Every structure is written in C-alpha cells, then in structure tokens.
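Hi everyone, thanks for making time.

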Amino acid sequence: PGADPAEVGPVRGALWRATNAATTDPPTGVAGPDAVRADAMASLRWLRDRTANALEAIAEADNPRWVYPTTPDGHRTNTRCLAHGTAGVLHALRFAGRPISPAVINRLRDSSLRELDDTPPGLLFGSAGIAWTLGDLGAHDAANELLAAAFRHPLATRPNRRPASPTG
C-alpha cells in the first residue's frame, strides 16, 4: 500500500498544497512513508493505540452533558449514540482491545434507560445501537430493555405513509 497520496492517485491543487504545506517530515513519533511501507500493520497498531489513549484521556465520566466530546451532530441527536456518542467510542475501544471502565458503562446504561422515551429507535442514532454496544459489554438486561423500547417506538411502529402524488 502507498504511504503517500500521490502513489495511489493524483492529488492536485489546494488539497496537495494543504497536505504538504506544514512539512514533509512526519511529526515526532509518527511513522513516515518508508516505515508504513515496511510494516503497515505495525503502523496501524501504533495509530490504533495512540487513538485509544487519546480517547481514554478525554473521557469525562462526571460531565452531565457527555462522557466524550462530540460533534455538532452529536448534540443535535444525542451524545450517547453509536454514530456520535459514548456507545460509538466504547465500541471502538472494545475493538482496540481496551478494558472499558465500569463507571462509563454504567453511565451509558443509566442515562440511556432514563432517556428511553426521548431516544429514537435506530442503530446509528438511537436505542438499537446503544443496546448493541451495551450487550457487547455485558449489560444484557439494559440492552434488552432498550431494544424493546426501539421496537415499540412510534417511528418503528407506524405505517410509512407517502403523500399522495399530485397526479392522483
């Protein structure tokens, strides 16, 4: 695999200037193109571990609004969801082989159950995704309750009615 964008396709104009403006040398500790070519898996493991370290360092289990800082979409949907919230971060940390703090699991479980009626049913932004994550982390009773709520949610139970076409 290439380690330089130019090796896999043309990179032109502003994107090329932006990616090469700072320096041609990688920051300290970051594998350069030759190291990535020599051992791509080691480079990926290094990146995985550094990313997991950073995620663990920014966790705020006592923050009333979120455990992990999120995006504007996380605030528009919910800060617990798989797409933008705690469930997604815990899923990533679990697959990175990291132990998950029981306090963070309990926080996700308790806040998700408390906000059950105000959470949409879906996988990425709602109860189903949170349930999947909690189930993977061993909180099976909470996962079952969240899934049951997702199945009863009005968005999952009402018929999909399309407006009548203007032509009749």
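**Salt bridges, core and a surface patch**

Let's start with Asp73, which counts as partly exposed because its relative accessibility is 33%. Keep in mind as we go that this is a predicted model.

Who is the partner of Asp73? Asp73 forms a salt bridge with Arg76, and their closest N and O atoms are 2.2 Å apart. The two sit three residues apart in helix 5 (residues 72-76), so about one helical turn separates them. Arg76 itself counts as exposed, at 62% relative accessibility.

Searching the whole structure turns up six salt bridges. Another one joins Glu115 to Arg80, with the closest N and O atoms 3.4 Å apart. This pair links distant parts of the chain: Glu115 lies in the loop between helix 7 and helix 8, while Arg80 lies in the loop between helix 5 and helix 6, 35 residues apart. Glu115 is partly exposed at 33%, but Arg80 is buried, with a relative accessible area of 6%.

Arg80 also takes us towards the inside, as one of the residues touched by Ile130. Ile130 is among the residues with the most contacts inside the largest nonpolar core, which has 22 residues. Helices 6, 7, 8 and 9 each give two or more residues to this core. Ile130 also touches Leu108 and Leu146, and both of those are on the list of most-contacted core residues too.

Val30, Met41, Leu44, Trp46 and Leu47 make a nonpolar surface patch of about 460 Å². Trp46 belongs to helix 4 (residues 40-58), and at 31% relative accessibility it counts as partly exposed.

That's my tour, so over to you!

Conventions: Residues numbered from 1 in each chain as written. Predicted model: local features only at pLDDT ≥ 70, side-chain atom pairs only at ≥ 80, totals over all residues. Heavy atoms only, no water. Core = buried A, V, L, I, M, F, W, Y, C linked by side-chain atoms within 4.5 Å. Buried < 20%, exposed > 50% of the residue type's maximum accessible area, 1.4 Å probe, protein only. Helix = DSSP H or I, 4+ residues; strand = E, 2+ residues; numbered from the N terminus. Contact = heavy atoms within 4.5 Å. Patch = residues over 30% accessible without salt bridge, like charges linked within 9 Å, V, L, I, M, F, W, Y side chains within 5 Å. Areas by Shrake-Rupley, 256 points an atom, 1.4 Å probe, with all protein chains shown as cover. Salt bridge = Lys/Arg side-chain N within 4 Å of Asp/Glu carboxyl O. Lists of a residue's contacts leave out its neighbours within four places in sequence.
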